[in-house]
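Trainee: Could we go through this model together? I would like to start with the ligand.

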Amino acid sequence: MLLKVSPRGPLQGEIRVPGDKSISHRAVIAGALACGETVVENFLKGRDCLSTIACLRQVAGDIFRFDGPQLIINGRGREGWREPDDVLDCGNSGTTIRLLTGLLVAQPFFSVLTGDASLRRRPMGRVAAPLRQMGAQIDGREEGRFAPLAIRGSKLHGAEILLPVASAQVKSACILAALFAEGVTAIEEPAPSRDHTERMLAAAGARIEKEGRRITVYPGKELKPLHLRVPGDISSAAFFLVAASIVPGSHVVIKDVGLNPTRDGIVRVLRQMGADIAVKNLREEAGEPVGDLEVRAASLRGTEVRGEIIPTLIDEIPVLAVAALAAQGETVVRDAEELRVKESDRISMMVRELSKMGAAIEELPDGFVVKGGKPLKGAEVESHGDHRIAMALAVAGLIAERETVVHGAEWIDISYPGFAQDLQRLQEG
Ligand code: S3P
């Protein structure tokens, strides 16, 4: 599918972006673990979260149903779970495969997890290694470094786990396994990553304690069903935060966006670059901070982004590169080597595609350098099967001369069905 974008003047209006992808995945898992009816409002019906539902349906039975915009889960607890009679297909979703690996290693049956070509290239050793410390039996291609992963569920024991990468997927896999282990598990991460799992499981009654970067999980608590409203995904909002900042004359309000401090790095960095972003109506919903973001076009300046802030904006770096193109001066992004093992190698792909538009962007092993202020020209660009690359390139198209055509735009449905329509609506003001 093609997405054609042309500069058509300021972006104006109010939108709601779809529900948060990370929180939607976790709501499915928490609901399947609990006994009773879980209600999830504003669930993200993107392809990734639907993969989590499809896999859990094979394990937990037909407990999921949609009622308009709500997902209803009739959880029966783990007692109702059974050995899946086929391979579990996680599609394109790293969150699905890693979180479900953590969940399934502790269940008394065999299961196999796989996914599409992109997912089968992504590192799984990072999740297999800490889970094995708890006694998990995981095999797979190259000894479990790549999917398909074969899991022989077994009795786990608590462990002291030091994670070498700041990954919420790996941390969450360990937490989920630890819920069913014998004894206490402590997990320490090198830098704070998103903490939706800890928040949601604690809200459902799990005993999870946090002290700095150390998370302690005490097993044995029954999970109770939740009624929750998923906030808008800040990672989806980020495309319009950047778009409205760089297209002169724009004024956009994005309602009900999740503003968890482990996710809001993009707002902090854009402000540091001179962006005009106001937070309104800040409140807490289901244990997560939520607010409206009002953004007006502003002249941006280059900046340096590195270190501990990186995990709080990791998925927004492709569109941050686009903000950097519109900024005066140089922007340097470092310590972001994790981008190379996302749905695509996001460093190489952004450098390659933005260069086709005439950008001055140079690849680094762990990031890139952008020389901003150079005019962009419309081009034929490619998503490389990566939803966030597709949307970031569409935003670049808003400030390029003539038309930009994004090939492979069907991948946008992974996280933001309706992106093209929202963009068009804001362009029409
Ligand atoms: C996610 C964690 C991050 C992020 C991904 C979603 C999650 O990945 O990039 O889009 O829901 O836990 P890592 O855990 O690999 O950093």
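Trainee: How far is the polar side-chain atom of S167 from an oxygen atom of the ligand?

Mentor: That distance is 2.6 Å, where a polar contact is a pair of N or O atoms within 3.5 Å; within protein, one must be able to donate a hydrogen and the other to accept it, and residues adjacent in sequence count only if both atoms are side-chain atoms. A side-chain N or O atom of S22 is 2.7 Å from a ligand oxygen, and a polar side-chain atom of K342 lies 2.7 Å from an oxygen of the ligand.

Trainee: How much of the ligand does the protein bury?

Mentor: The protein buries 94% of the 390 Å² that the ligand exposes when taken alone; accessible areas come from the Shrake-Rupley method with a 1.4 Å probe, and for residues only the protein chains shown count as cover.

Trainee: What should I bear in mind about these values?

Mentor: The model is predicted: local features need pLDDT of at least 70, side-chain atom pairs count only at pLDDT 80 or more, and totals for chains, interfaces and linings use all residues. Residues are numbered from 1 along each chain as its sequence is written, and side-chain values use heavy atoms, with hydrogens and water left out.

Trainee: Which element gives the largest share of the shell around the ligand?

Mentor: Helix α1 does, with three residues; helices (H or I, at least four residues) and strands (E, at least two) are DSSP runs, numbered from the N terminus. The elements giving two or more residues are α1 (21-33), α3 (94-104) and α6 (168-178).

Trainee: Which residues are around the ligand?

Mentor: Among them are R26, R98, R194 and D315, a residue being near if one of its heavy atoms lies within 4 Å.

Trainee: Why does the ligand lie between the two domains?

Mentor: Domain 1 (2-19 + 231-428) and domain 2 (21-212) both give residues to the shell, so the ligand lies between them. The bounds come from an automatic or database domain assignment.

Trainee: And how much area do the domains bury between them?

Mentor: About 2,300 Å², 47% of it on carbon and sulfur atoms; buried area is the accessible area (1.4 Å probe) that two parts lose on being put together, summed over both. R263, E343 and I414 supply 24% of the area that domain 1 buries against domain 2, more than any other three residues.

Trainee: Changing topic, which residues does the cis peptide bond join?

Mentor: A147 and P148, with omega about 0°. P148 lies in strand β9 (residues 146-152).
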